[in-house]
Amino acid sequence: LLLALAAALGAGVGFGTSINPALPLAILFGIVAVILLVLRPRWAFALFIFALLVIEEFPSVQGETVERSTRTAFYAKSLGLGGLYAPDLWIIALLGIFLFLRLANHRRLGIVVDQIGWALMLIAFMATLSIVLSFTDGDPFAGGIIQETTGVAININEQALKMIALFHFKLFFMMFAAYLLTQLIIETRAHLQDLLRVCFVGALACVAVGAARIALNPGLIRQGLPLFYDSPSSWFFALFAMYTVVAWAHHLSPPRRIQMMTAISAVLMIFVLVSFRRTMWGAILLASIPLFFWLPSRARGRLVMILGVGFSLLLLIVLATPLRDVILAPVLGRVEQTNVSDASTLYRLAIAVHIVDNFDTIPLFGHGARPLWNEIAALGFFRTNLENIHSLYWWWLLRTGLIGVLVGAIAIGMIFRQTWKSARTPASPQLRAIGIMIFLAFLMFLFSGIFNPVYAQVRYMVPVGIGLAIATRILQLAREERQGALAASRRHEAA
């Protein structure tokens, strides 16, 4: 029935109707999702993870400047009045269904509140407090917005523009919702293994997507257009490759599976290179340092030798073939763009200089929900606004003030400590490997926040919430295993 519906819609497209060609697949995906939500909510969660890994919000087609402009408009429209955002609905629906099932079956929720949970509640409380306080001086949305100051070339609903700060705040609440949802779903080691299988399938799908894009547009990379525009895609690719290294070093999978994962990782890392996400390149280099020292000493030397030989062979192939112009030239061109004349660099410098110069004008609890489109930051001839801010931390400072920065620093410290423990505490190599990935993912997320705006963090926030819940669950499972081993030892001594 589902295939027939998709075929019928597809036929309508073929006969020249105005239906978008992607609509049949979207409807098919939506019907399957609704069925799974009702009948198999755990499968629906797996499908949601798969969608997060594979589907980009901003596939590159028009180049950096236009994409940077359109994504601001995208959030103002998709998250604004008259728009629904599918990931939000999915998380809320899953959370509601699982809570209902637990209560209906008289089962305990099984949610562990550790330092990560308290940290996320601190962040949510600070966000709520800043929003509420911004209404105490009157309607924060009163007043018009000068269209020329929005920095986008697309006409956007003004009401959505005024409320966009609320939609940015919403990401922090959705991270907490994802944290709660994952704790309801991931309860055992078997559930963790299921999640790893979904990630493996997602990696295969991403290889297929990347190969299809190159086949459909062979000149994409040569033109300097990112193969995967959305930075979280490169984030996932790198984490998959890092998990492959850990699995190889600790013999966590059979040799044939390790070989397959290595081949997939090699392709994904090439995709990272030709996606031209400079911030993610830096994040990967940063995360590689603790990863290297977490490996067993016997594996480090072998890894250096394998990577050295592999990189040398790859470099020789690139230099001796037309790949030099296809891959190397665009990558070096992207590196050369990292200078003070680049628009993205000017964005960040202008914002940083403006905030430092006007630090004493920022309210103690921040601006809250008040739109900042008309607040201009200028650096020479370059002008931008404080709404299109290219730093997660600058945004948090403007929205929650100095108090919010202090609370946020405490929360990050608490999360950092717990994720570090999840990577060091478990006796099980499998649990420890997953814990290492959670820590590295969080570290890369924090690094990305230095240079990327809040509205570029959507596909980060929900996976971060999921990952932090897994870290909490890993520590609980490790604690239960230690207690079980201790009880068994005492029984043995008593016998």
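**Figure 1. Contacts across the whole chain.** Among the contacts in this chain with a separation of 6 or more, 79% are between residues 24 or more positions apart. The structure you are looking at is a predicted model. Its chain has 17 helices and 2 strands. Of the 495 residues, 49% are buried. The chain exposes about 23400 Å², and carbon and sulfur atoms supply 70% of that area.

**Figure 2. Helix α3, a mostly covered helix.** Helix α3 takes in residues 41–54. From the first C-alpha to the last, α3 reaches 20 Å, close to the 20 Å expected for its 14 residues at 1.5 Å a residue. How many residues of α3 are buried? The count is 10 of 14, so this helix is mostly covered, with buried meaning under 20% relative accessible area. Among the buried ones, look for Pro41, Phe45, Phe48, Ile49 and Val54.

Figure 3. Thr182 has its place in helix α7, which covers residues 158–185. Is Thr182 buried or exposed? Thr182 counts as buried because its relative accessibility is 2%. Setting aside neighbours within four places in sequence, you can find Thr182 in contact with Phe45, Ile466, Ala469 and Ile470. Phe45 is also one of the buried residues of α3.

**Figure 4. A salt bridge between Glu187 and Arg102.** Side chains of opposite charge can pair when their charged atoms come close. Here the side chains of Glu187 and Arg102 meet in a salt bridge, at 2.9 Å from N to O. Glu187 lies in the loop between α7 and α8, while Arg102 belongs to helix α5, so the pair ties together parts that are 85 residues apart in sequence. Glu187 is partly exposed, with a relative accessible area of 24%, whereas Arg102 is buried at 2%.

Figure 5. An α-helix has 3.6 residues a turn, so residues three or four places apart point the same way. Asp194 is partly exposed, with a relative accessible area of 38%. Arg370 is partly exposed at 30%, and Glu375 is partly exposed at 33%.

Figure 6. Strand β1 (residues 376–379) and strand β2 (residues 382–385) run antiparallel and are joined by 4 bridges. Which residue of β2 is the bridge partner of Ile376? Ile376 is partnered by Asn385, and Leu379 has Phe382 as its partner. The hairpin has 2 residues between its strands, and Gly380 in the turn has a positive phi of about 65 degrees.

**Figure 7. A nonpolar patch on the surface.** Met305, Ile306, Val309, Leu313 and Leu316 make up this patch, with about 510 Å² of accessible area together. Ile306 is found in helix α12, which covers residues 297–320. With 44% relative accessibility, Ile306 counts as partly exposed.

**Figure 8. Pro429 and Ala247.** Pro429 is found in helix α16, residues 429–451. Pro429 counts as partly exposed, at 35% relative accessibility. Although Pro429 and Ala247 are 182 residues apart along the chain, their C-alpha atoms are separated by 9.0 Å.

Note on methods. Residues numbered from 1 in each chain as written. Predicted model: local features only at pLDDT ≥ 70, side-chain atom pairs only at ≥ 80, totals over all residues. Heavy atoms only, no water. Patch = residues over 30% accessible without salt bridge, like charges linked within 9 Å, V, L, I, M, F, W, Y side chains within 5 Å. Areas by Shrake-Rupley, 256 points an atom, 1.4 Å probe, with all protein chains shown as cover. Salt bridge = Lys/Arg side-chain N within 4 Å of Asp/Glu carboxyl O. Buried < 20%, exposed > 50% of the residue type's maximum accessible area, 1.4 Å probe, protein only. Pairing = 2+ DSSP bridges. Contact = heavy atoms within 4.5 Å. Expected span 1.5 Å × (residues − 1).
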